[in-house]
Amino acid sequence: PSGSMQPTLMGNPQTQVFDRVLVDKLSFHFRDPERFEIVVFKHPLERSRIMVKRLVGLPGEELKIEGGDLWTRPDSEAAWEPLRRPPSVQAEMWRPLDHKQPKRSSWKVVSQGESWRIDGRSIEARGEGRVRFRPEQDRITNGYRDGYPDALFDKIQHTSSASGRYPVGDLRVTGEIEARPGLDAFVLELTEGLRTYRFRLPGPSRAAEERASIQVRDSGSRQGRAADEPTEELSASPYRLPAGKDVAFAVENIDDRLALFVEGEELIALEIAAAASQEASVTLGLEGEGAELEDLQVYRDIYYLPLPHQRKSWEVRIPEGQYVMLGDNTQDSADSRDWKAKTFEGKGPAYDFKVRGNFRPNGENPAQGRSQEGESLLRFRDEWGEVRWFPPSEATPGLEYSVALVPRPLIQGRAVAVFWPIKPHRGLWRLAWLH
């Protein structure tokens, strides 16, 4: 692969890591491709070129990118719905924002916590207090290097002007907590614009009938609109954190849905309306005696960019038998968003042709060249991979137009697993199933 699927699939000259991928070419002879599968296909405008992308758009629907998310609807009469990924795919989309062993902690005390000790991704908390993730930053953004393995992080250069430009509100926070007997509550807060999402787990000191909760509070508009009454959802069954036992937790805000997990099980969830603004922050708080927190990690979701970057959204209607492909490295991927066709038509004594090919800017295709006699020529690779040479004066260029769709016959197979490279001296073990 090239770099368009990073960090899911690595193919970057900067790092000299090029994944080898096992491809299943049999399954699609018996069934159609499914949404979010990583597929291998021929480029619709350059069919000698094999590509690998994630399939996101299906035949017979409309697809939209807006606010970094994917939206779908059956036709123009229906309302847009967020396109949610299966858990196995979403797990691959989350981009960790902290190193496994950071040199400096990203967590800082912002209230009380005089007796708290922070070491990397761990917190030894005595008494009440609150910490925030990267409080020096006013929002979490789509950093280009987010999610790359630690062994490659410093080798990846900021090659995209969109890096860090867009705020990301879809976040996930994970870790382990060992509650002290006198802990009243463990509280996690995610913000998104003027909203606050408050996840609360009762501690061992609370009554046995206490239940976990999610509370949504909207502080109102900057024009002074009165704040909405908070929305609160309680867990179906009573729950308290046990004292002296490590408990894995996770909270997330993804595609207009809030969820709280304990030991991998979803304890409570709440559907919410789309937020007008995605500026986000993460805060953890303890009420009562305190607790031990380990393996804290904050993740952001992939932020899909419409192209060109100046647009706020991108939409496409998908006919029957056609599909839409996007790269996971949305900041640096040539995919359905920006494929463009270029045509040339030649009419004359020496030239009689009409060709179409994959338009690549900056002199890549078409490109300038010269014959052996020094005559100025255009070099153009057509959609079948054949290279054409002709004088610019003998060919009439056609308009550039978007080609966002991949016909079903061009899809060759699905990417199943990465099996190479293995470089222990660099801390790289590129062995993984693909989802």
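Predicted model: local features only at pLDDT ≥ 70, side-chain atom pairs only at ≥ 80, totals over all residues.
1. A nonpolar patch lies on the surface and is formed by Leu-22, Phe-419, Trp-420, Trp-429 and Leu-431, with about 580 Å² of accessible area together. Of these residues, Trp-429 belongs to strand β36 (residues 428-429). Trp-429 counts as exposed because its relative accessibility is 56%, and exposed means over 50%.

2. Pro-421 is placed in the loop between β34 (411-420) and β35 (422-423). A further cis peptide bond runs from Asn-365 to Pro-366, with omega near 10°; Pro-366 is in the loop between β27 (352-358) and β28 (367-370).

3. Asp-119, Glu-178, Asp-246, Glu-263, Glu-294 and Asp-295 make up a negative surface patch. Asp-119, in strand β11 (residues 117-119), has a relative accessible area of 54% and is therefore exposed.

4. Asp-295, another member of the negative patch, lies in strand β23 (residues 290-300). Its relative accessible area of 44% makes Asp-295 partly exposed. Although Asp-295 is not a glycine, its phi is positive, near 55°.

5. Phe-36 likewise has a positive phi, near 75°. Phe-36 sits in the loop between β3 (20-24) and β4 (38-43) and, at 4% relative accessibility, counts as buried.

6. Arg-95, in strand β9 (residues 95-96), is buried but has no salt bridge. The nearest side chain of opposite charge is that of Asp-328, 5.2 Å away. Beyond residues up to four places away in sequence, Arg-95 touches several others, including Gln-6, Asp-146, Tyr-299, Arg-300 and Asp-328.

Note on methods: Residues numbered from 1 in each chain as written. Heavy atoms only, no water. Patch = residues over 30% accessible without salt bridge, like charges linked within 9 Å, V, L, I, M, F, W, Y side chains within 5 Å. Areas by Shrake-Rupley, 256 points an atom, 1.4 Å probe, with all protein chains shown as cover. Salt bridge = Lys/Arg side-chain N within 4 Å of Asp/Glu carboxyl O. Helix = DSSP H or I, 4+ residues; strand = E, 2+ residues; numbered from the N terminus. Buried < 20%, exposed > 50% of the residue type's maximum accessible area, 1.4 Å probe, protein only. Lys, Arg positive; Asp, Glu negative; His and termini not counted. Charge placed at Lys NZ, Arg CZ, Asp CG, Glu CD. Contact = heavy atoms within 4.5 Å.
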